Amino acid sequence: MSSKIAVVTGASSGIGLLSAVELAKDGFFIVATMRDPGRRQHLDETAKAAGVQDKIEVRQLDITQFASLPQSVAGIVRDHQRIDVLLNNAGFAMSGFAEDMHLEEIRQQFETNFFGHVVMTQAVLPVMRKQRSGHIIMVSSISGLVGQPVVSSYSASKFALEGWSEVLRIETHSLGIRVVLVEPGAFKTDIWDRNVRIGAFALTPESPNHERARRFAQWVQKDVHKRDAREVARLVARIACDPNPSLRYRIGRDATVQYWLRKLIPWKTYEKMVAKAVQID
Ligand SMILES: NC(=O)c1ccc[n+]([C@@H]2O[C@H](COP(=O)([O-])OP(=O)(O)OC[C@H]3O[C@@H](n4cnc5c(N)ncnc54)[C@H](OP(=O)(O)O)[C@@H]3O)[C@@H](O)[C@H]2O)c1
């Protein structure tokens, strides 16, 4: 039997790249998409080291180029006949105090972290509906369950993804389609350095939150422990191989701690504790 086909968005680095390799190790053929295939070298090297370079092909795809996504998906189906897994992974985190963010910056955050996944999913659904099978795995975040200070638009985009996916799961289950949310805590990837995006006004000394933002940035660099992102990639591969996965998978000790603190501690105590912990009180 030919390999199952997995499509990964944002495969040029981090969780997307590592998941592409882990899925290939588990027998999938990977269509690894990235907005700039000129950045494929790290994926190629990692795949080669794992001995799966022949099981991965790279295609150009920017998930905010909404009009082109159905055509890209049609091209994959034309060449591979099916799509068994869609890993909606591409994303970034826009930081800055909520008061300082421009509407356009918040829109950009949603275009990538929410609407991009919506349009990709809608393009793939008819294929999976016809197959009567398929996994749609959303890389959400603990920030989609627990609001995180200084990344309000990121949290909001992940909350939106959580709500949309929860409904999609119910609507598509009887069609043989499995929608899954992966909710990582902090894992070491480019999201913390190369891909950091900060709101333009948040960076200026005119921002009334300038000093608190500086303290927060220091705290993130110094005190946030980031785990090995291969843990998330292995979880993604395990979900893709499970014919009946759950809706949600939290991953990372920090994610578990935040989740339970938020659930168990009264809100008024919780909000003070968080502001103090991230040094913005
Ligand atoms: N690392 C963490 O601590 C953590 C925690 C919770 C959730 N997550 C989630 O994990 C996912 C992957 O992030 P990561 O941590 O692996 O960070 P990363 O290393 O920065 O990877 C992000 C990937 O998304 C791609 N991307 C961004 N915008 C895109 C677009 N418009 N079209 C296509 N690709 C695009 C980037 O491509 P370029 O190379 O072109 O920039 C890159 O490949 C994100 O959804 C993020 O929210 C991460």
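This is a predicted model: local features need pLDDT of at least 70, side-chain atom pairs count only at pLDDT 80 or more; totals for chains, interfaces and linings use all residues.

Reader: How many residues does the largest nonpolar core have?

Author: A nonpolar core is a set of buried Ala, Val, Leu, Ile, Met, Phe, Trp, Tyr and Cys residues joined through side-chain atoms within 4.5 Å. Buried means under 20% relative accessible area, exposed over 50%, and partly exposed in between, using a 1.4 Å probe and protein chains only. In the largest core, Leu 23, Ile 30, Leu 43, Ile 56 and Ile 137 have the most contacts inside it, and its residues number 36.

Reader: Is Ile 198 buried, exposed or partly exposed?

Author: Ile 198 sits in strand β9, residues 197-198; helices (H or I, at least four residues) and strands (E, at least two) are DSSP runs, numbered from the N terminus. Its relative accessibility is 38%, so Ile 198 counts as partly exposed.

Reader: Which aromatic residues form one cluster?

Author: Rings of Phe, Tyr and Trp (its six-membered ring) pair if their centres lie within 6.5 Å; planes under 30 degrees apart count as stacked, over 60 as edge-to-face and the rest as tilted. Searching the whole structure gives six aromatic pairs. In one, Phe 110 and Phe 114 have ring centres 6.4 Å apart and planes at 75°, so this pair is edge-to-face. The cluster is made up of Phe 110, Phe 114, Phe 115 and Trp 164.

Reader: Why are Phe 110 and Phe 114 separated by about one helical turn?

Author: Both residues are buried. They belong to helix α4, residues 103-131, and the separation is about one turn because they are four residues apart.

Reader: Where does Ala 90 lie, and what is its relative accessible area?

Author: Ala 90 lies in the loop between β4 (85-88) and β5 (94-95). Setting aside neighbours within four places in sequence, Ala 90 touches Thr 9, Gly 10, Ile 63, Thr 112, Asn 113 and His 117 by the contact rule. Ala 90 is buried, and its relative accessible area is 14%.

Reader: What is phi of Val 150 near?

Author: Val 150 is in the loop between β6 (134-139) and α5 (152-172). At 10% relative accessibility, Val 150 counts as buried. Its phi is positive in a residue other than glycine, and the value is near 70°.

Reader: Which residues is Val 151 in contact with, apart from its neighbours within four places in sequence?

Author: Val 151 is placed in the loop between β6 and α5, and at 13% relative accessibility it counts as buried. The C-alpha atoms of Val 151 and Met 101 are separated by 9.9 Å, while the two are 50 residues apart along the chain. Apart from those neighbours, Val 151 is in contact with Met 94, Ser 95 and Gly 96.

Technical notes:
Residues are numbered from 1 along each chain as its sequence is written. Side-chain values use heavy atoms; hydrogens and water are left out. Contact means heavy atoms within 4.5 Å.
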